[in-house]
Amino acid sequence: MTEPTREAGATGEPATARRLPPVPEPAPAPGLASPGDVQGDALALHQVELELQNQELRAAEARLEAARTRSAELFDGAPVAACLLSRRGNVLELNRAAAALLEAPPLRAAGRPLVALVRFDDGTDFLDLLGRALAGGGAPARADLTFRTRGGREVAARFVGAAARDEEGGLTCRLTMVEVDDRLRLERGLRAVAEAGATLAGARDEAQIVAAAARAAVPALACAAVVDLIVRGGALSPRAAVVHVDGARAEDLREAEARWGPLPSVGLAAVDALQQRRGQLVPTPASYAALAAKDEEHGRFLARLGLHAWLAVPLLPDVDAAPLGVLRLAVGPGRPPFEADDVEVAAALGRLAGAALAAARRLAAADEAVQTRDSLLAEVAHDLGTPATVVQLVAATLERTAPHPATPASLTALGRAADRLRALTLQLQDLTSLDLGRLRLVRALHAPADVVHDAVALHAPLAALEHVTLRADVEPGPPVLLDRDRVGQVLSNLLENAIRAAPAGSEVVVGARRTPRGARFHVEDAGPGLTPDELARVFDRAARPARAVAGVAGLGLAIARGIVHAHGGRIWAECAPGRPTVFAFELPRSSEEGA
């Protein structure tokens with residue numbers, strides 16, 4: 001009989017060992033997948049996710065490509081001329097508007113420098129713009145530039161450039177170009193008139209004035225300019241100045257007008273401008289020149305010039321003054337016809353030129369009057385010289401031979417008057433010689449000390465008569481190239497003034513000193529000084545300081561200044577309270593040092 005089995009652990013004794021049958025694995029619950037199936041599903045899910053991502057990526061790429069296409073279409077079809085340049089200024093991309101503006105097909109322009117596609121008035125201005133744009137960190141740089149295309153068309157445009165990066169991070173420049181021909185042409189014209197004003201204000205010669213006016217108009221306002229002047233008597237002097245943007249064509253224009261005259265409509269416009277005192281437009285078509293040609297050769301000249309529109313403005317010096325001439329302007333190929341603004345700018349230039357011409361003619365008339373006066377004075381001085389000398393000689397003779405005791409005093413007074421008349425005549429001759437540039441200098445090497453001692457010896461009697469001590473103060477020095485008689489004349493003028501102005505019992509000093517440049521001569525006296533106003537004008541011809549003795553100062557000091565200047569030297573006066581009045585002049589050692 002089998003013993004019943006006891007459970008282990010009930011009494012602390014081990015349970016009886018018995019082999020149990022294997023427990024089968026639980027069957028999966030209905031509806032659940034096995035682990036292998038789960039892994040397969042996860043892989044399939046991942047593949048689905050990847051496919052979705054790929055679809056999104058392809059869609060994004062399609063959208064990006066569409067955006068690029070639209071951007072390219074917008075860039076290429078934009079109404080504003082635009083291009084992309086390398087940092088060296090080579091064309092990377094060019095839209096249709098830019099290709100049309102530059103007259104450069106994109107395929108031909110690609111990779112070439114922009115400055116090689118068109119000809120700028122000043123290529124450095126474009127390179128400056130490119131440099132500023134690349135250095136601006138995206139900030140735009142602007143410039144108004146003018147260029148000429150391969151086809152010869154002149155274009156004025158506003159350029160705006162800004163830095164950009166390409167796909168590889170390289171530095172490039174985005175550039176837009178907007179044609180602003182009318183506005184820019186007006187600005188250039190006004191600027192040219194303003195610059196011409198400064199030039200014309202300083203001009204004194206008629207030829208210089210008309211040439212400056214014509215050059216100011218070309219190329220700022222026109223391709224060609226012609227100035228016709230009205231000269232004395234009302235006669236017209238045609239083609240006083242002819243300027244063309246192409247220098248060689250200026251002679252063609254001058255020759256054509258000299259041989260066949262201006263075109264009929266242009267000539268009539270010039271006459272109307274003079275009569276009506278305002279600008280006249282002549283919008284002649286290109287075919288007009290061929291119709292107006294007087295013969296086959298004339299037609300060839302006109303075709304070579306290619307001028308298709310003219311403008312005439314009078315040269316008016318003042319609102320109420322008569323015109324002094326007419327300025328004719330013309331435009332050629334690539335330039336639009338003149339407009340109302342051009343007429344105003346040209347009229348302003350005509351007024352400036354007219355005012356300059358009027359001033360030059362007034363100055364020429366004044367110079368002519370001065371020359372006439374100086375020539376007359378020279379003749380009068382020459383004619384006075386002989387009678388003055390005769391009177392002087394007769395007075396001296398009578399003084400020596402007169403028997404009556406009272407006669408010598410009268411004859412002495414007569415002799416002094418004759419001497420003074422002779423001195424004034426000589427001064428007048430010297431002054432006119434200086435004014436006319438005819439003062440003759442006979443230069444040689446002389447020691448300054450010898451010239452001073454000669455002056456002291458000559459004026460010692462006058463000093464004794466005026467109770468003034470005359471002293472020489474010289475130092476040895478090298479000889480100086482000078483006209484001894486003329487320099488002695490300067491010292492005589494200065495010494496005579498000083499001796500007569502010095503109080504009795506005082507001292508007058510005349511001296512000479514060596515200087516690095518040559519020699520300095522001086523005359524000092526203790527007489528009345530000079531006011532600051534007198535000091536500034538003491539060497540003027542009409543100056544008469546308060547210290548001057550009647551009939552002594554005036555012409556003498558003006559002549560002294562002229563003689564010193566003729567030597568290439570300088571002369572001046574010094575005066576300070578409590579100190580002697582000093583008149584001094586310095587002469588160069590040689591004529592080369594004084595030049």
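User: Does H446 count as buried or exposed?

Analyst: H446 counts as buried, because its relative accessibility is 19%. Buried means under 20% relative accessible area, exposed over 50%, and partly exposed in between (1.4 Å probe, protein chains only). This is a predicted model, in which local features need pLDDT of at least 70 and side-chain atom pairs count only at pLDDT 80 or more, while totals for chains, interfaces and linings use all residues. Residues are numbered from 1 along each chain as its sequence is written, and side-chain values use heavy atoms, with hydrogens and water left out.

User: Where is H446 found, and which residues is H446 in contact with, leaving aside neighbours within four places in sequence?

Analyst: H446 sits in strand β12 (residues 444-446). Helices (H or I, at least four residues) and strands (E, at least two) are DSSP runs, numbered from the N terminus. Contact means heavy atoms within 4.5 Å; beyond those sequence neighbours, H446 is in contact with P479, V480, L482 and R484.

User: How many helices and strands are there in the protein chain?

Analyst: The protein chain has 18 helices and 18 strands. Buried residues make up 39% of its 595 residues. Of the contacts between residues at least 6 apart in sequence, 63% join residues at least 24 apart.

User: Now a helix, please. Which residues are buried in α8?

Analyst: Here is the general idea: an α-helix has 3.6 residues a turn, so residues three or four places apart point the same way. In α8, the buried residues are A250, D252, L253, A256, E257 and W260. They cover an arc of only 165° around the axis, which puts them on the same side of α8; the arc is that of the directions from the helix axis to the C-beta atoms. The face turned away from this buried side carries the exposed residues G247, A248 and A258.

User: What covers the buried residues of α8?

Analyst: The cover includes β7 (224-230), β8 (236-244), α11 (296-305), β10 (309-314) and β11 (325-331). Just after α8, G261 takes a positive phi of about 80°.

User: How do I read salt bridges, and how many does a search of the whole structure find?

Analyst: Side chains of opposite charge can pair when their charged atoms come close. A salt bridge here is a side-chain nitrogen of Lys or Arg within 4 Å of a carboxyl oxygen of Asp or Glu, and the search finds 17. One of them joins D252 and R304, with the closest N and O atoms 3.2 Å apart. D252 lies in helix α8 and R304 in helix α11, so the pair ties together parts that are 52 residues apart in sequence. At 16% relative accessibility D252 is buried, whereas R304 is partly exposed at 36%.

User: How far apart in helix α11 are E296 and R300?

Analyst: E296 and R300 are 4 residues apart in helix α11, which means they are separated by about one helical turn. Their side chains meet in a salt bridge (3.4 Å, N to O). E296 is exposed, with a relative accessibility of 63%, and R300 is partly exposed at 46%.

User: Which residues are linked with E257 in a network of salt bridges?

Analyst: D228 and R328 are linked with E257 in that network. E257 is one of the buried residues of α8, the helix that also contributes D252 to the pair with R304.
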